[in-house]
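Hi,

Here is the structure I promised to pass on. Have a look at it first, and my notes follow below.

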Amino acid sequence: MPLVPTSSIVDTAREARVGAAAFNVIHLETAEALVTAAERADTPLILQISENCIRYHGSLLPITRATLALAECSAAPIAVHLDHITDAELVHEGIAAGVGSVMVDASALPYEANVTTTAELTAWCHDREVYVEAELGEVGGKDGVHAPGVRTKPSEALAFVRATGVDALAVAVGSSHAMHQRTAVLDKDLIAELRTALPVPLVLHGSSGVPDDELRRAIAAGMTKINISTHLVSVFTRSIRQTLGADPALVDSRKYVKPAREAVAQEAARLLEVLTAPAAVPEERAVGAAAPAPAPAPG
């Protein structure tokens with residue numbers, strides 16, 4: 001199947017009030033597992049290649065071309081996206097390789113520099129029909145936009161979207177990158193405010209630390225693109241530990257990587273079902289309207 005535009009997956013999910021799953025590629029084995037998961041779930045999937053992943057592999061082209069090839073050979077609708085890219089040259093190189101969307105990450109810069117950098121790269125990408133995601137920056141805390149206590153202000157987010165022209169915005173609503181326990185509680189009221197205030201889809205980074213039910217509530221409140229990496233990496237590593245622990249003499253890496261790849265495929269397929277199941281959307285009530293009357297007490 002030809003590559004699917006990220007915009008198509010995200011916009012369709014936003015309209016349907018379901019999650020657009022975006023799972024990170026670490027190496028070829030995880031890319032294979034994620035494509036398998038999308039095929040089993042018969043669900044669109046965005047494969048994300050981060051700047052860290054590119055640095056690990058030494059350059060952009062090998063892992064990107066392999067991921068694009070897997071996507072193009074898949075029976076499932078797959079998009080390929082560059083994630084957390086701080087180097088403009090990598091944006092240029094990735095688009096030339098065939099990637100259809102990019103997350104421009106200038107969030108470590110002061111606000112005005114973030115706006116300028118993001119706006120310039122967004123204009124360059126839009127000239128090439130490339131979809132752009134970004135994030136506002138260190139609003140509320142020195143540990144970054146995705147520190148647990150940081151929250152995105154709707155007015156600042158709207159100003160940023162208007163100033164940069166981005167197509168999607170990563171917002172801080174209570175998740176945090178690289179969480180190993182799925183215990184995060186998200187600010188659903190803020191998510192609803194941001195969805196109402198912004199003309200673009202909302203992106204949740206750090207979703208690995210968010211339990212299934214909380215993810216579904218966040219999607220119902222207005223979150224759309226759901227990024228997951230650390231949780232699936234943990235599944236891969238746990239499987240390898242178990243296999244090698246059961247057979248310490250094992251030396252053929254295929255014999256412990258293969259079950260790890262399958263474990264990721266199974267968990268990713270399960271997550272796809274969680275994220276794309278229709279969720280009950282909270283009823284919108286006018287400000288100041290009377291609350292519904294309580295049900296009468298039984299008998």
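Helices (H or I, at least four residues) and strands (E, at least two) are DSSP runs, numbered from the N terminus.

Keep in mind that this is a predicted model, in which local features need pLDDT of at least 70 and side-chain atom pairs count only at pLDDT 80 or more, while totals for chains, interfaces and linings use all residues. Residues are numbered from 1 along each chain as its sequence is written, and side-chain values use heavy atoms, with hydrogens and water left out.

**Helix H8**

In H8 (residues 188-197), the buried residues are Leu190, Ile191, Leu194 and Arg195. They sit on the same side of H8 because their arc around the axis is only 140° (taken from the directions from the helix axis to the C-beta atoms). An α-helix has 3.6 residues a turn, so residues three or four places apart point the same way. Asp189 and Thr196 are exposed, on the face turned away from the buried side of H8.

What do the buried residues of H8 pack against? Their partners are helix H1 (6-16), helix H7 (154-164), strand S7 (202-204) and helix H9 (212-221), with contact meaning heavy atoms within 4.5 Å.

At the start of H8, a side-chain oxygen of Asp187 comes to within 3.4 Å of the backbone nitrogen of Asp189.

**H7 against H8**

These two helices pack at an angle of about 35°, and their axes are 10 Å apart. (Axes are lines fitted to C-alpha atoms, for helices over the stretch in contact, and angles run from 0 to 180 degrees between N-to-C directions.) From H7, Pro154, Ala157 and Leu158 meet Leu190, Glu193, Leu194 and Ala197 of H8.

**Two other residues**

Asn114 lies in helix H6 (residues 111-126) and counts as buried because its relative accessibility is 1%. Its side chain reaches the backbone oxygen of Leu136 at 2.7 Å.

Gln266, in helix H11 (residues 254-276), is partly exposed because its relative accessibility is 49%. A polar contact of 2.9 Å joins its side chain to that of Glu262 (a pair of N or O atoms within 3.5 Å; within protein, one must be able to donate a hydrogen and the other to accept it, and residues adjacent in sequence count only if both atoms are side-chain atoms). Gln266 and Leu34 are 232 residues apart in sequence, and 9.0 Å apart in space, C-alpha to C-alpha.

Cheers

Technical notes:
Buried < 20%, exposed > 50% of the residue type's maximum accessible area, 1.4 Å probe, protein only.
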